[in-house]
Amino acid sequence: RKTAFDNASATRKLGEIKQIRLQKLIETDYLANSDVTMPDNIKTWRQSLRNIPQDFSTEEQYDLLLARDEETGELTHSIWSKP
């Protein structure tokens, strides 16, 4: 069972990344309304978030995406920072 758990590590990390990504997209969904003009930098950032599964595909890259500041607990990878 431990081996199966260890082998599924990348899958669990990707699931966590997708949850974080979804939350970030939800936070800016209001900008996608037809009566709001979404700034280009937000469009680019949202596209970067949607591209995470294809742009980051190894467990080492997942670790970088999930890295947190030791003091604040905030995610440190630049992709999570809204422009």
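In this predicted model, R21 touches L49, R50, I52, P53 and W80, leaving aside residues up to four places away in sequence. R21 is found in helix α2. Its relative accessibility is 17%, so R21 counts as buried, the cut-off being under 20%. E74 lies 53 residues from R21 in sequence, and the two C-alpha atoms are 14 Å apart in space.

Helix α2 takes in residues 9–27. At 1.5 Å a residue, its 19 residues should span 27 Å, and the end C-alpha atoms are 27 Å apart, which agrees.

R21 is one of the buried residues of α2, together with S9, K13, L14, I17, I20 and L25. These residues cover an arc of only 140° around the axis, which puts them on the same side of α2. An α-helix has 3.6 residues a turn, so residues three or four places apart point the same way. The exposed residues T11 and Q19 are carried by the face of α2 that is turned away from the buried side.

The table gives the residues that make the contact.

| α2 | S9, A10, K13, L14, E16, I17, I20 |
| α5 | E59, Y62, D63, L65, L66 |

Among the α2 residues in this contact, S9, K13, L14, I17 and I20 are also buried.

Definitions and conventions. Residues are numbered from 1 along each chain as its sequence is written. This is a predicted model: local features need pLDDT of at least 70, side-chain atom pairs count only at pLDDT 80 or more; totals for chains, interfaces and linings use all residues. Side-chain values use heavy atoms; hydrogens and water are left out. Helices (H or I, at least four residues) and strands (E, at least two) are DSSP runs, numbered from the N terminus. The expected span of a helix is 1.5 Å times one less than its number of residues. Buried means under 20% relative accessible area, exposed over 50%, partly exposed in between (1.4 Å probe, protein chains only). The arc is that of the directions from the helix axis to the C-beta atoms. Contact means heavy atoms within 4.5 Å.
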